[in-house]
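Student: Could we go through this structure together, starting with the core and then moving on to side chains and rings?

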Amino acid sequence: MRLLIVSALALAVAVGACRSGSPGAKKYDGVYVSLGDSVGAGNGSSDKASTSFAALLAKDEGGLPLVNLAVANYTTTDVIEKELPRIDAELSGRNVAFITISVGGNDLAALIPNFTCQQDPLPATCPLDEALAGVEQRLQAIMDELRARYPDAPIVLLEYPNFFSGTGHAFEAPAARVLPRLDEVIARVAARDRHAAAADAAPAFEGKGATLTHVLDPRFDPHPTDAGHRLIADAFEQALKRVK
């Protein structure tokens with residue numbers, strides 16, 4: 001009998017550990033909402049339902065229901081016009097546990113192949129400053145709208161890694177000049193909100209684009225592999241700890 005009791009207790013502890021999520025995970029109540037672009041949508045992962053960063057994050061933080069509204073090629077304008085209006089209907093009266101946002105990269109996508117934006121240092125003819133100002137304005141509008149609806153919900157914004165880093169691709173150097181400026185904007189917007197943070201996945205990808213993305217695959221795809229999505233999920237988990 002004692003052996004049965006001990007075994008039952010051990011099983012209960014093991015089950016509890018499996019359900020506890022990431023180390024130090026908070027017990028969230030509600031739904032995890034993912035907004036943004038192709039990275040948030042899970043492009044590059046082998047199975048968006050299980051190996052994308054959003055799916056991994058939902059699992060790690062307690063097996064949360066996931067409402068993923070992110071869509072490939074979406075910009076900050078698309079999030080405002082097409083994603084924000086859908087959130088409440090998708091929630092169906094449920095609480096928001098937390099929100100992640102990966103957007104801004106497509107707003108600047110046209111700059112990377114722009115010849116004037118490939119020069120070092122960047123000349124005044126590269127419209128980077130103007131593009132960044134627009135991103136910041138619209139990203140702030142997204143945050144303001146979300147905060148008005150969900151006053152205390154943690155919100156974490158992704159600082160983009162350079163997916164071309166270490167690949168030798170023609171876009172590696174231009175991306176290295178443009179993306180840090182974008183990430184500064186994202187971090188600045190996050191810092192204005194006491195319930196928000198920025199997830200910095202860039203260091204994990206430095207020099208490792210060849211193995212963490214599909215950039216060098218026979219079929220070019222500038223998105224993370226499963227291993228890359230895992231690292232992005234880790235960055236989000238670390239950021240969430242700062243806003244609990």
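Tutor: A nonpolar core is a set of buried Ala, Val, Leu, Ile, Met, Phe, Trp, Tyr and Cys residues joined through side-chain atoms within 4.5 Å, where buried means under 20% relative accessible area, exposed over 50% and partly exposed in between (1.4 Å probe, protein chains only). This is a predicted model, in which local features need pLDDT of at least 70 and side-chain atom pairs count only at pLDDT 80 or more, while totals for chains, interfaces and linings use all residues. Residues are numbered from 1 along each chain as its sequence is written, and side-chain values use heavy atoms, with hydrogens and water left out.

Student: OK, how many residues does the largest nonpolar core have?

Tutor: The largest nonpolar core has 68 residues, and those with the most contacts inside it include Leu 35, Ile 99 and Leu 108.

Student: New topic: is Thr 51 buried or exposed?

Tutor: Thr 51 counts as buried because its relative accessibility is 19%. Its side chain makes polar contacts (N or O atoms within 3.5 Å, one able to donate a hydrogen and the other to accept it; residues adjacent in sequence count only if both atoms are side-chain atoms) with the side chains of Ser 46 at 3.3 Å and Asp 226 at 3.0 Å.

Student: And how many aromatic pairs are there?

Tutor: A search of the whole structure finds six, pairing rings of Phe, Tyr and Trp (its six-membered ring) if their centres lie within 6.5 Å, with planes under 30 degrees apart counted as stacked, over 60 as edge-to-face and the rest as tilted. One of them is the stacked pair of Phe 53 and Phe 236, at 4.8 Å centre to centre and 15° between the planes.

Student: Is Phe 236 buried or exposed?

Tutor: Phe 236 is buried, with a relative accessible area of 0%.
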